[in-house]
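Please read the points below with the chain open beside you, and check each one against the model as you go. The note begins with an open space in the protein and then turns to other parts of the chain.

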Amino acid sequence: NKFCGELFQATQKNSPYNVVGWAGNYAPYKYDLRRFLAINSVSYDHLDPSIYLVLTCPSDEPGVSVADFVIFPPRWMPQEHTFRPPWYHRNVMSEFMGMIWGEYDAKTVDANNKKAFVPGGASLHNWMTSHGPDNGAFEKATSSPLQPTYFNGGLAFMFESKFVMKVTKFALEGPHRDVDYYKCWEQLPKRFSQWTPTGKADHMQAWRDEEKQQK
């Protein structure tokens with residue numbers, strides 16, 4: 001059991017699940033995540049991950065939760081003019097994410113050219129930590145034809161919380177830790193324009209000139 005950032009262990013002869021019935025409002029429940037109805041955009045834009053929300057524990061602060069449970073299931077992705085993987089972002093919620101089976105569409109290979117996110121693996125981005133797809137996922141998403149695509153490559157989950165998640169000493173010092181995780185973003189090229197506008201008019205003219213050059 002984990003309480004106040006510390007792990008505790010206890011041994012007992014009987015299981016709390018070995019009962020005839022439960023008194024109260026809480027009871028164990030098993031849910032098949034394959035039955036979850038995935039919702040997505042049918043026109044354009046990458047929608048907020050809240051559309052994949054399975055369970056939530058609201059807080060007294062509007063817009064953030066004590067805990068959210070989210071999954072990224074097999075789904076159709078038909079959006080036009082859209083970067084379909086998760087965008088590069090920072091979040092006011094801490095994100096703990098893991099793989100149940102298959103592969104995650106925003107992570108391809110790690111710094112050693114091996115599969116980056118495998119079943120049983122997890123990542124933690126505490127609030128306001130920048131993160132997003134790796135270079136391989138970015139290149140695939142920006143170069144592939146935007147035809148309707150059915151993603152059936154894996155099932156990922158995520159716990160979100162308004163609180164900062166403390167990592168145990170076991171996790172930080174474990175041999176399974178990917179110490180080169182940050183390198184998945186090192187190959188991303190800079191794609192910002194080189195010009196520096198001095199005003200709104202200059203900004204629009206530079207944008208039009210750049211558009212003409214690309215055509």
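1. Strands β4, β5 (75-77), β6 (94-102), β7 (122-125) and β9 each give at least two residues to the lining of the second largest pocket. Strands here are DSSP runs of E with at least two residues, and helices are runs of H or I with at least four, both numbered from the N terminus. A pocket is defined on a 1 Å grid over the protein atoms alone as an open set of points with protein on both sides within 12 Å along at least five of seven lines, while a cavity is a set of points where a 1.4 Å probe fits but cannot get out; lining residues have an atom within 4 Å of a point.

2. Before going further, please keep in mind that this is a predicted model, in which local features need pLDDT of at least 70 and side-chain atom pairs count only at pLDDT 80 or more, whereas totals for chains, interfaces and linings use all residues. Residues are numbered from 1 along each chain as its sequence is written, and side-chain values use heavy atoms, with hydrogens and water left out.

3. The second largest pocket has a volume of about 550 Å³, and of the 36 residues that line this pocket, Pro-49, Phe-72, Pro-86, His-89 and Met-158 are the closest to its centre. Volume means the space filled by probe spheres set on the grid points, which are joined across faces, edges and corners. By class, the lining holds 17 nonpolar, 10 polar and nine charged residues, where Ala, Val, Leu, Ile, Met, Phe, Trp, Tyr, Cys and Pro count as nonpolar, Asp, Glu, Lys and Arg as charged, and the others, Gly among them, as polar.

4. How many cavities of 30 Å³ or more are there? The count comes to one, and the largest cavity holds about 30 Å³ of space. Its lining includes Phe-72, Arg-75, Met-99 and Glu-103, and divides into six nonpolar, one polar and three charged residues. Strand β9 (residues 154-161) supplies the largest share of this lining, namely three residues.

5. Thr-56 lies in strand β3 (residues 53-58), and Ser-65 is found in strand β4 (residues 65-72). Is Ser-65 buried or exposed? Ser-65 counts as buried because its relative accessibility is 11%, whereas Thr-56, at 45%, is partly exposed; buried means under 20% relative accessible area, exposed over 50%, and partly exposed in between, with a 1.4 Å probe and protein chains only.

6. The side chain of Thr-56 makes polar contacts with the side chains of Ser-65 (3.4 Å) and Asp-68 (2.5 Å), and the side chains of Ser-65 and Asp-68 are also joined by a polar contact, of 3.1 Å. A polar contact is a pair of N or O atoms within 3.5 Å; within protein, one must be able to donate a hydrogen and the other to accept it, and residues adjacent in sequence count only if both atoms are side-chain atoms. Thr-56 and Ala-67 are 11 residues apart in sequence, yet 5.9 Å apart in space, C-alpha to C-alpha.

7. For the chain as a whole, the secondary structure comes to three helices and nine strands, and buried residues make up 25% of its 215 residues.
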